[in-house]
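Hello,

Here is the structure we talked about handing over. Please look through it first; my notes follow below.

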Amino acid sequence: MLLRLPGVYRPQHDTQLLADVLAAEHLGPHTRLLDLCAGTGALSVHAAAAGAGRVTAVDVSRRAAISVRLNALLGGHRIRVIHGDLLEAVRTERFDVVVSNPPYVPAPVDTVPDRGPARAWDAGKNGRALLDRICCEAPEVLVPGGVLLLAQSVLSGVEKTLTMLEEQNMLVDVAASAEIPFGPVLDARRRMLERRGLIEAGQTTEEIVVIRAVK
Ligand SMILES: C[S@@+](CC[C@H](N)C(=O)[O-])C[C@H]1O[C@@H](n2cnc3c(N)ncnc32)[C@H](O)[C@@H]1O
């Protein structure tokens, strides 16, 4: 049971898929794990409960950061919480695991929201505003042999993610995938997505994946 302040992303299928993949990683008292785009901190709590000793959660939303703090307290977990933009505050640190379920939904415009619930899902017209930054920056904070677990929709270009990470000498793999029904946001954007050729006419589901990349 997680607390969630109003406007903070409710853990969903993508959170669960990522948690399932995370469960297969070896996490121990010395594991330094970074939860980028933490929301309620669901993945941070999973990691801490699975034994990761040094968990850091980052979110740009103040309400999300507060939610993570509350959930850490409730669960009795030690989680360092940073209110900030992606890797900005942790650039000089090194992690064994980076886990991220960032905003990845293709939006009507390229500008990403700087407030409100849509900040949890809107990611520019191609859905890659955050994914591209993570692909460029996350490998830098991983130790050799470190693992990045990244969730996204096929609507925001899985091949692009794999290529970008390979260009950073990461060994990449799609670790899990699931076909899920459109939620209200994608449902309201069906026409736009059809026009852009991202979905078929009448399509009502999307495939989400978890990419596993090893440095
Ligand atoms: C899809 S939600 C995922 C939340 C949580 N990890 C989960 O799986 O339930 C994405 C989160 O990214 C956060 N976010 C958006 N832009 C960000 C940025 N530039 N830096 C850090 N967090 C960001 C949002 O506030 C939101 O909490």
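Asp14, Thr15, Leu17, Leu18, Ala19, Val21 and Leu22 are the buried residues of H1. The model is a predicted one, so please read everything here with that in mind. H1 spans residues 13-22 and is mostly covered, with seven of its 10 residues buried.

E7 pairs with E5 in the antiparallel sense, over seven bridges. In that pairing, valine 214 of E7 is the bridge partner of valine 147. E7 also pairs with E6, again in the antiparallel sense, over 10 bridges. Here valine 210 in E7 stands opposite alanine 176.

Serine 177 belongs to strand E6. Beyond its neighbours within four places in sequence, serine 177 is in contact with Leu17, Glu207, Ile208 and Val209. With glutamate 207 there is a polar contact of 3.5 Å between the side chains. Proline 29 is 148 residues from serine 177 in sequence, and the two C-alpha atoms are 29 Å apart in space.

**The ligand**

Which residues come nearest to the ligand? Of the 18 residues around it, they are Cys37, Asp59, Asp85, Leu86 and Asn101. By class, the shell around the ligand is made up of 10 nonpolar, five polar and three charged residues.

A polar backbone atom of cysteine 37 is 2.8 Å from a nitrogen atom of the ligand. An oxygen atom of the ligand has a polar side-chain atom of aspartate 59 at 2.6 Å. For asparagine 101, a polar side-chain atom lies 2.8 Å from an oxygen atom of the ligand. On its own the ligand has 600 Å² of accessible area, and the protein covers 95% of that.

**The loop between E1 and H2**

Cysteine 37 is placed in the loop between E1 and H2. Cysteine 37 counts as buried because its relative accessible area is 18%, and the cut-off for buried is under 20%. Its phi is near 70°, a positive value in a residue other than glycine. Most residues other than glycine have a negative phi.

Threonine 40 is found in the loop between E1 and H2 too. With a relative accessible area of 3%, threonine 40 is buried. Leaving aside neighbours within four places in sequence, the residues in contact with threonine 40 are Leu2, Leu3, Arg4, Val8, Tyr9, Pro11, Ser67, Val68 and Asn71.

**One more positive phi**

Asparagine 169 is not a glycine, yet it has a positive phi of about 65°. Where is asparagine 169? It lies in the loop between helix H5 (158-167) and E6. Asparagine 169 counts as exposed because its relative accessibility is 66%, and the cut-off for exposed is over 50%.

Regards

How values were computed. Residues numbered from 1 in each chain as written. Predicted model: local features only at pLDDT ≥ 70, side-chain atom pairs only at ≥ 80, totals over all residues. Heavy atoms only, no water. Near = heavy atom within 4 Å. Polar contact = N/O pair within 3.5 Å; in protein donor to acceptor, adjacent residues only side chain to side chain. Areas by Shrake-Rupley, 256 points an atom, 1.4 Å probe, with all protein chains shown as cover. Nonpolar A, V, L, I, M, F, W, Y, C, P; charged D, E, K, R; others polar. Buried < 20%, exposed > 50% of the residue type's maximum accessible area, 1.4 Å probe, protein only. Helix = DSSP H or I, 4+ residues; strand = E, 2+ residues; numbered from the N terminus. Contact = heavy atoms within 4.5 Å. Pairing = 2+ DSSP bridges.
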